[in-house]
Amino acid sequence: MSEGVERESMEYDVVIVGAGPAGLAAAIRLKQLAEAAGAEISVAVLEKGSEVGAHILSGAVIDPIAFNELIPNWKELGAPLETPVAEDKFIVLGPQGSASLPMPLMPGFMHNHGNYIASLGNVCRWLAQQAEALGVEIYPGMAVSDLVMTAEGGVKGVVAGVFGLDKDGEPGPDYQPGMELHGKYVFIGEGVRGSLAKVLKARFGLSEGKDPEKFGIGLKELWQVPAEVFKPGLVQHTVGWPLDDKTGGGSFLYHFGDNYVAVGMVVHLNYKNPWLSPFDEFQRFKHHPDVAKHLAGGKRIAYGARAISEGGLQSIPQMYFPGGVLLGDSAGLVNVPRIKGSHNAMKSGMLAAEAAFAAIQAGRAGDELKEYEEAFDRSWIRKELNLVRNAKPILSRYGTIIGGAIGMIDMWTNRLLGGFSVFGTLHHGKSDAESTGLAKDYKPIVYPKPDGVLSFDKLSSVFLSNTNHDENQPAHLKLKDPSVPISVNLAKYGEPARLYCPAGVYEVLYDEGGQNPRFQINFQNCVHCKTCDIKDPSQNINWTTPQGGDGPNYPNM
């Protein structure tokens, strides 16, 4: 696929794209297996962020099950799972009041006692240290922009580290063509809606016979609050206000670490109203009394957003292809009701490592690691996702309140009856893009102005994400047809990109007379959430990787 450019190449046993929990767990497990067998195995991890953790954003309440398997002495080694969950609350919010749900109504796997509140970015930084200590080579600031294919059509490796292209895509004075990294197997752990995974799914038909992929957008802020407000170990989840009953989503609020409060909202991207702005819903959510009291006197110190995989078991693609596998969020392994995926991501990396190590030891290379998917089907990941497989489809059909109640009953029956559901297995219908309604059928939403205390605007928020892109490079947000945003999306949908984007990337500008609209892309603001690639009703936006090191630089997220 990458043709016409001469590049140097490096050979490895396994090349891993993405230094998230899946990729790093895979790297560690490969080296552990090699050490136990007295063998050698070379592993390279490529990360597009400026450092490991720079592009990692999650709540996060972490189930330590995968840590216990991968690094049993993680506590002694100082893993930053720093705050055990001490209190678990679930609240239904109304415009003025709220109602708490008794936790015993929920199946045991929905409870968070025994889990830890942490920064997933810092967890990945720690995992990277463990991997490097075992001899894994990690290369941050190396965006992977293309695949390298074999003559037979399998994946041979990747192209990484292309720098210095000008705005027109031509080599500039500081141009570097990058390198090819070849592997006997290539692991794709890019996270949600990764650009390589999209290509691979299309090229090899990995999603054929599967349900449409489903997604949400997660927005998060990190606050530091006074001691009298801080409640270490408190976990609070909510549903309801400010979202209406037909718009899926919810919130999280976690107290942990150095007087930190992580507060965030998830909005399911199958919402219909094109006038909805997830960012502005999040901002007004913080004014609810049950939320505002946790932020009183505090200071907002970080902001970010990312897409979340929500399709569950029904949307998981074939996880292997000739020459490699999909890991973690690239395969869509998030447990939506639990709002957790990092433990599943880590376990998927471990399973892939075990399959690849056995294959390499047997003299294989570049073939299909079917053993990985077979191991996944036997694993606790699949069992966990099977228990909650109907939660998202039920919410989509019946709404937040009734759907939430039916979904809870369904999870109980699955839990008690070994995976049995009276619904069988429900399926997802439309893609999130296809779910978008016409602007004429909905009333525009007027959001309150931010007060600068609890609520803020997009640009000041992007500033806190430490986002930076070299302006003299090709825009990584590419339009298949530049006319569509105005001729189709503005005319039919009010151009929702300016609303669903949480970073002010997309604008519709007019001349002084309020005429002649034009579409502007401020790609420098992009926080790499991928929402535009998912939600654009015309599927006209293609998110690609900018040059390595660009994008957000999240601290403690």
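This dialogue walks through selected features of a predicted model.

Me: What should I know before reading numbers off this model?
Reply: The model is predicted: local features need pLDDT of at least 70, side-chain atom pairs count only at pLDDT 80 or more, and totals for chains, interfaces and linings use all residues. Residues are numbered from 1 along each chain as its sequence is written, and side-chain values use heavy atoms, with hydrogens and water left out.

Me: Which strands form the open sheet, and in what order?
Reply: Terms come before the case. Strands (E, at least two residues) and helices (H or I, at least four) are DSSP runs, numbered from the N terminus. Two strands pair if DSSP finds at least two bridges between them. Here three strands form an open sheet in the order S3-S7-S4, with antiparallel pairing. Strand S3 (61-62) and strand S4 (83-84) are the edges, each pairing on one side only. Two bridges join S3 to strand S7 (residues 116-117). Val-61 stands opposite Ile-117 in S7.

Me: How many residues lie between S11 and S12 in their hairpin?
Reply: Five residues separate S11 and S12 there. Gly-169, in the turn, has a positive phi of about 80°. S11 and strand S12 (residues 171-176) run antiparallel and share two bridges. The bridge partner of Leu-165 is Pro-171 in S12.

Me: How many salt bridges does the structure hold?
Reply: Side chains of opposite charge can pair when their charged atoms come close. The criterion is a side-chain nitrogen of Lys or Arg within 4 Å of a carboxyl oxygen of Asp or Glu. The structure holds 20 salt bridges. One of them joins Asp-63 and Arg-338 at 3.1 Å, N to O. This pair links distant parts of the chain, 275 residues apart. Asp-63 is in the loop between S3 and helix H2 (65-70), and Arg-338 is in the loop between helix H7 (328-331) and helix H8 (342-361).

Me: What lines the second largest pocket?
Reply: A pocket is an open set of points on a 1 Å grid over the protein atoms alone, where a 1.4 Å probe fits, with protein on both sides within 12 Å along at least five of seven lines. Lining residues have an atom within 4 Å of a point. Points are joined across faces, edges and corners, and the volume is the space filled by probe spheres set on them. The second largest pocket has about 980 Å³ of space. Of its 45 lining residues, the closest to the centre are Ser-195, Val-199, Asn-542, Thr-544 and Thr-545. Strand S9 (144-149), strand S11 (163-165) and helix H4 (195-204) each supply at least two lining residues. H4 gives the largest share, six residues.
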